[in-house]
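User: I would like to learn how to read a few features of a structure. Could you take me through them one by one?

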Amino acid sequence: MSAEATNPATPGPMTPGAQRRRGRPRIDLRRLGRAALLGPTARDRLPDAIGHVVEAHRAHHPDADLDPLRRAYVLAESSHRGQMRKSGEPYITHPLAVTLILAELGAETTTLTASLLHDTVEDTEVTLDQVREEFGEEVRYLVDGVTKLEKVDYGAAAEPETFRKMLVATGSDVRVMSIKLADRLHNMRTLGVMRPEKQARIAKVTRDVLIPLAERLGVQALKTELEDLVFAILHPEEYAHTRELILNNASRADDPLAEIAEEVRVVLREAGLQAEVLIRPRHFVSVHRVSRKRGELRGSDFGRVLVLVNEDADCYGVLGELHTCLTPVVSEFKDFIAVPKFNLYQSLHTAVARTDGQVAEVLIRTHQMHNVAEAGVIALGNPYAPPSEEQTDGAGAGSVDGERADPTRPGWLSRLLDWQEAAPDPDTFWSTLREDLAQDREITVYRPDGGTLGLPAGASCVDAAYAQYGEDAHACIGARVNGRLVRLSTVLSDGDTVQLLMGQDPTSEPSREWLEHAHTPVARIAITRWLAAHPSPATQPEAPAATPRPSADAPAARPAAVDVVVDQPGATVRLAGCCTPVPPDDVTGFAVRGGVVTVHRVACSAVARMKGLGRTEVGVRWGDTAGCRVTLFVESFGRPHLLADLTEAIALEGVDIVSATVEPPSQQRVRHTYTLQLPDAAHLPALMRAMRNVPGVFDVGRAQHQTTTT
């Protein structure tokens, strides 16, 4: 990533991320441009202008066939000859720089070939058919994927429709977005030649769309530099302040981060663990975030200690030694090896503290994990190539049951491709895309069948329903999360198991309330579109008018058929309304005012409260009469004919309904309260089972009212 980084918007000699670059010096793209003007060389040798690209490519792919690169450069240089960039450089310097960025990240030959040609169809007379004839269908597809749509054809919609086209192409081949990200990085590096207002517009699109995409594809090397370049343009004063902080820290006599890194080396060396310990300076935006969070920065805040090992098991060995020999900050520990991030990132995160208050963050990973952390999907090479024998025999990205296992099609990309089809116009697509990409964390929830759903953090059961069923989710009537019935508005957590309950009624409809709990575009667009087609939807079946619920402290009606024997002659018996005891419940009694004994279930919460108040406990027991009156509550999902089905189930059990209350529905959930006269108390469990078996009913229980002590 050492292509020219001249950007007049970036003050001073220290460009963003410059402290991180080591090894190969910066390439003089102006020199490369002059070399390109010499024209194509003989067919049997590589042009001098792409020597740096070849060197970087061979470092990752020593056996790569370089002939496609030679032919692609020859076509690109001859096609762009005479074209100049706004900076005054020959245009060929741009595709060269983009290709060098990708080569240094480890991109394979097909990606580099398409990168050299990525502007030819857009800006020269070269056609896609020519690209296919000379380089094959894969290269043609990649070039087409990054080719902009013409403003003359699309007008103001050209930019959003270009991104839509590019994202759809990325859904089939993620290398399209790799080229676009490298293209934007080089353009941002040289953005200073443009007017300030155009710089700001491009920087905002980069911030809202390209940087989140780089994060989701795991290409941290591109993401961090893009962040710094955007920071310099959109927040020049804060950027200058951060730059000053970094320069001041670099000039200090002591370096606590280097001292901690040396302590780590000593600990690992004495433990016999082979590891490379490096200091990884924070980029500008990271330093700015830490300074806003902590105020005054410590020397150890300007970077992290990076420990690289060979095997996964060594990561945990290093962690154990550091936590044993140094002082760990336990709250900072995170295991992204056992549970990788949604963008392929794997690493152990911890922190160690010194007695002087310096705290250093430590990242522990293998060399392979580090390559993926830097280059993300680019480090996968060509994920669409047939698996090698090693991959087929081992744990590589081979096929499963005859289908290609594609690690580059994560949940967020599938969701994006789903909802973009439903976006009614370019403006809606553009605003929704930015909003969707603003979700900075991904969670995974599990279906009962073992499948998974990838959702953004903050997603609810409504989002899960539309992610799994699309527009069929209009018929969703509820959900179980980790086995418990919950409202559709329930926010999900990473690792939850979600069972979505679907209604069988074809007239089922989404509720307007769902929009308040829908966080994903696919859910919001589907619900909004349905509501627009049904301006006055009846989101719930009409419920009977609610009858007033009895006051919690009102005397409960004594079931006439129930006989209660009280160890207090002449006392009046009252069954407590808070726990509605019936035979054969274990009961106890308390003497209250007026010679009344209230009878409670032993398990009732009011019993402990009455004892605490010093109420006199009275022995009570059930008499011989079996009949009883009981109050039950029913929780159900709203659906037509539910009340009729419930009352029929009660009648079939031979039970009389004394009174019934149905509360107004909320989020398609309805609460019913029934006071019932049973001919035999022993029949209560069978009655409750019959009520639970009514479709739409998810809970039946004994009423537990709050009561005051009298």
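**Reading the model**

Analyst: Gln-368 is found in helix α18, which spans residues 367-375. Keep in mind that this is a predicted model.

User: Is Gln-368 buried, exposed or partly exposed?

Analyst: Read the relative accessible area. Buried means under 20%, and exposed means over 50%. Gln-368 has a relative accessible area of 48%, so it is partly exposed. Its C-alpha atom is separated by 9.6 Å from that of Gln-346, 22 residues apart along the chain.

User: Next, strands. Which strands does β2 pair with, and in what sense?

Analyst: Start with a general point. In a regular strand the side chains alternate between the two faces of the sheet. Now the case here. Strand β1 (residues 276-281) pairs with β2 in the antiparallel sense, over six bridges. Within that pairing, Ile-279 stands opposite Val-305 of β2. Strand β6 (residues 359-366) pairs with β2 in the parallel sense, over five bridges. There, Leu-306 has Leu-363 in β6 as its bridge partner.

User: Why is β2 described as largely enclosed by the rest of the structure?

Analyst: Count its buried residues. Strand β2 covers residues 303-309, and six of the seven are buried, so the rest of the structure largely encloses it.

User: How many residues does the largest nonpolar core have, and which have the most contacts inside it?

Analyst: A nonpolar core is built from buried residues joined through side-chain atoms within 4.5 Å. The largest one here has 103 residues. Leu-117, Met-188, Leu-433, Tyr-466 and Leu-492 have the most contacts inside it. Helix α12 (residues 196-216) gives the most to this core, with eight residues. A second, separate core has 22 residues, among them Val-264, Leu-319, Ile-337 and Val-362.

User: What does Tyr-466 touch?

Analyst: Leave out residues up to four places away in sequence. Tyr-466 then touches Glu-471, Ala-473, His-474, Pro-510, Trp-514, Val-522, Ala-523, Ala-526 and Ile-527.

User: Finally, cysteines. How many disulfides does the structure hold?

Analyst: A disulfide is a covalent bond between the sulfur atoms of two cysteines. This structure holds zero disulfides.

User: Are Cys-476 and Cys-325 buried, partly exposed or exposed?

Analyst: Cys-476 has 1% relative accessibility, so it counts as buried. Cys-325 is partly exposed, with a relative accessible area of 45%.

Definitions and conventions. Residues are numbered from 1 along each chain as its sequence is written. This is a predicted model: local features need pLDDT of at least 70, side-chain atom pairs count only at pLDDT 80 or more; totals for chains, interfaces and linings use all residues. Side-chain values use heavy atoms; hydrogens and water are left out. Buried means under 20% relative accessible area, exposed over 50%, partly exposed in between (1.4 Å probe, protein chains only). Helices (H or I, at least four residues) and strands (E, at least two) are DSSP runs, numbered from the N terminus. Two strands pair if DSSP finds at least two bridges between them. Contact means heavy atoms within 4.5 Å. A disulfide is a pair of cysteine sulfur atoms within 2.5 Å.
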